Amino acid sequence: MKRAVSHAHAGTFTQAAGRVVLAHDERHLRRRLLTLEDGGEVLVDFPAAVVLADGDALVLEDGALVAVTAAPEPLYAVTARDAVHLARLCWHLGNRHLPAEIGKDRILIGRDHVIRDMLAGLGATVTEIVAPFSPERGAYHGHGHSHDHHGHRHHHD
């Protein structure tokens, strides 16, 4: 069985030997068996968990690459009256720790009728769409969950 032992970031390679299509929550992985678009399988066996972005690649033991593509997902496209309103909507979503893809004029989020109703109540326009989803990764992405950066330390109880 083919084994992926690391990953390459989007834009750092030109050709891949295969492709895997994954939803946003499936792109957070450390060890998992994946089925490729052509039906082949790859065992992802990373030393630590990573979040793969659309356009990244899995690097196999033999050096071959498997492109990672974001799968279309059922989402809400959230639009606002203006930039300040959009920022306020982002704050409300962030306050609920929801994955969100923030663009210049809209926010994409996973479908949840309670959140849809909250956003509509705040004056947002919420539209159902199906599209690839690449939410923001967060301040500590790539650093694990330790808060030991730059002398900042605290415990999670």
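In what order do the 6 strands of the open sheet lie? Keep that in mind as you set up the view.

**Before you start**

This is a predicted model, where local features need pLDDT of at least 70, side-chain atom pairs count only at pLDDT 80 or more, and totals for chains, interfaces and linings use all residues. Residues are numbered from 1 along each chain as its sequence is written, and side-chain values use heavy atoms, with hydrogens and water left out.

**Stop 1: the whole chain**

Show the protein chain as a cartoon. You will find 2 helices and 10 strands. Both kinds of element are DSSP runs, numbered from the N terminus: helices are H or I with at least four residues, strands are E with at least two. Along the sequence the pattern reads β-β-β-β-β-β-β-α-β-β-α-β. Of the 157 residues, 33% are buried. Buried means under 20% relative accessible area, exposed means over 50%, and partly exposed lies in between (1.4 Å probe, protein chains only).

**Stop 2: the open sheet**

Now for the opening question. The strand order is β2-β6-β5-β1-β4-β3, with mixed pairing. Two strands pair if DSSP finds at least two bridges between them. Select residues 18-22 and 28-35: these are the edge strands β2 and β3, each pairing on one side only.

Pick out leucine 22 and alanine 70: they are bridge partners.

**Stop 3: helix α2**

Select residues 113-121, which form α2. Which of its residues are buried? They are Ile115, Met118 and Leu119. Look down the helix axis: these buried residues fall within an arc of 95 degrees, so they line one face of α2. The arc is that of the directions from the helix axis to the C-beta atoms. An α-helix has 3.6 residues a turn, so residues three or four places apart point the same way.

Turn to the face away from the buried side.

What do the buried residues of α2 pack against? Show β7 (72-79), α1 (83-95), β9 (107-110) and β10 (125-132). Contact here means heavy atoms within 4.5 Å.

**Stop 4**

Go to aspartate 112, which caps the N-terminal end of α2. One of its side-chain oxygens lies 2.8 Å from the backbone nitrogen of valine 114.

Note on methods: Polar contact = N/O pair within 3.5 Å; in protein donor to acceptor, adjacent residues only side chain to side chain.
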